[in-house]
Amino acid sequence: MEFLYTDRDIAVCVKPVGLDSEKELPEVILRELGGLVFPVHRLDKNVGGVMVFARTKQAAASLSKAIQQGTMVKEYVALVHGVPPESGDWQDLLWKDTAKNKVFVVNRQRKGVKPARLEFLRLKEGDPSLVRIRLHTGRSHQIRVQFASRGYPLVGDHKYGAKDDVQAPMLFSCALTFPHQGKQLHFEAMLAWAEGEFPSDSL
């Protein structure tokens with residue numbers, strides 16, 4: 001487990017792909033650091049990247065407040081099929097079919113529908129294209145659904161329309177910024193493919 005920062009209140013780590021962020025990953029952190037661990041946000045099991053966990057109830061409350069108030073900034077990189085616009089600010093209504101564990105863009109508000117917003121910047125054009133994304137809302141499968149609904153499914157995301165041989169969505173939580181003890185903390189991590197070294201042999 002790679003830790004980017006720890007103190008008595010929080011632990012910032014790089015989540016490996018394949019670990020559940022609400023149960024399995026906290027268990028790993030407990031084995032490494034001891035004490036208590038409180039999840040305050042989540043990543044899909046097949047997505048890796050920077051996460052913060054609280055180690056006290058007070059820190060959990062503070063981080064949860066930052067999420068609710070929008071002062072925790074979450075950024076991602078993704079490889080997508082096709083060439084999206086150079087930049088964008090996308091707002092959609094999303095509805096989750098719990099039975100199928102799949103999310104859909106819908107065109108009207110109704111029970112269970114939640115607004116979703118993200119901004120993005122295209123870093124590299126091609127097929128695949130590399131994009132960096134800032135989430136303004138944290139809806140289930142949000143990035144995957146919003147890009148796929150516009151014809152740019154994430155590489156490896158077969159649930160949402162990708163037709164390739166990559167085994168998992170090429171999505172990574174690359175940066176996290178949040179207030180902590182009167183300071184703004186910022187953490188980044190990056191994978192080779194997110195720095196332009198694409199796995200072309202498997203696309």
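**Exercise 1.** Identify the element that supplies the largest share of the lining of the largest pocket.

*Solution.* Step 1: the largest share, four residues, comes from H2. The model is predicted, with pLDDT of at least 70 needed for local features and 80 or more for side-chain atom pairs, while totals for chains, interfaces and linings use all residues. Residues are numbered from 1 along each chain as its sequence is written, and side-chain values use heavy atoms, without hydrogens and water.

Step 2: helix H2 (57–69), strand E5 (73–80), strand E9 (129–135) and helix H3 (142–148) each give at least two lining residues (DSSP runs, helices of at least four residues, strands of at least two).

Step 3: the largest pocket holds about 540 Å³ of space. Its lining numbers 27 residues, and Lys74, Leu135, Thr137, Gly138 and Arg139 are the closest to its centre (a pocket is an open set of points on a 1 Å grid where a 1.4 Å probe fits, with protein on both sides within 12 Å along at least five of seven lines; lining residues have an atom within 4 Å of a point; volume is the space filled by the probe spheres).

**Exercise 2.** Is Phe53 buried or exposed, and which residues does Phe53 contact?

*Solution.* Step 1: Phe53 belongs to strand E4 (residues 48–54).

Step 2: Phe53 counts as buried because its relative accessibility is 1% (buried is under 20%, exposed over 50%, with a 1.4 Å probe and protein chains only).

Step 3: beyond neighbours within four places in sequence, Phe53 contacts residues including Ile10, Leu25, Ile29 and Leu63 (heavy atoms within 4.5 Å).

Step 4: Phe38, also among these contacts, is 15 residues from Phe53 in sequence but 5.8 Å away, C-alpha to C-alpha.
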